[in-house]
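The following questions and answers concern the structure shown below. Please consult it alongside each reply.

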Amino acid sequence: MRRIRLKKNLTQEQVAELSDTTPVWISVCEKGTRNLSVRSLSVIAYALGVPMAALLDTKDYPETDPTKRVYSKQTAKRVAKS
């Protein structure tokens, strides 16, 4: 979900507004800390303008270039070490 959002140059706030949710909920969904219902997947997919399968299928929607990701300072340090 995050990959698609970033590819479309959307913020969590924008996706939240489009999906009538909150930025906190979008963040939780992106982190994968909660299981999403089919309805939630549908709403988020609609807001992103992609089919629901795109949120689950990494083959057709591959990971973005790791050098272009936006990390927190702590995560950036860990990634740089690997």
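Q: Which residues of the largest nonpolar core touch the most other members?
A: A nonpolar core is a set of buried Ala, Val, Leu, Ile, Met, Phe, Trp, Tyr and Cys residues joined through side-chain atoms within 4.5 Å; buried means under 20% relative accessible area and exposed over 50%, with partly exposed in between (1.4 Å probe, protein chains only). In this predicted model, local features need pLDDT of at least 70, side-chain atom pairs count only at pLDDT 80 or more, and totals for chains, interfaces and linings use all residues. Residues are numbered from 1 along each chain as its sequence is written, and side-chain values use heavy atoms, leaving out hydrogens and water. Of the 15 residues in the core, those touching the most other members are Met1, Ile44, Leu48, Val50 and Leu55.

Q: Which helix supplies the largest share of this core?
A: Helices are DSSP runs (H or I, at least four residues), numbered from the N terminus. At least two core residues come from each of α2, α3 and α4. The largest share, five residues, belongs to α4.

Q: Is Ser19 buried or exposed?
A: Ser19 sits in the loop between α2 (12-18) and α3 (23-31). Not counting residues up to four places away in sequence, Ser19 touches Ile26, Val43 and Ala47 (contact: heavy atoms within 4.5 Å). Because its relative accessible area is 6%, Ser19 is classed as buried.

Q: Is Val38 buried or exposed?
A: Val38 belongs to helix α4 (residues 38-48). Since its relative accessible area is 59%, Val38 is exposed.
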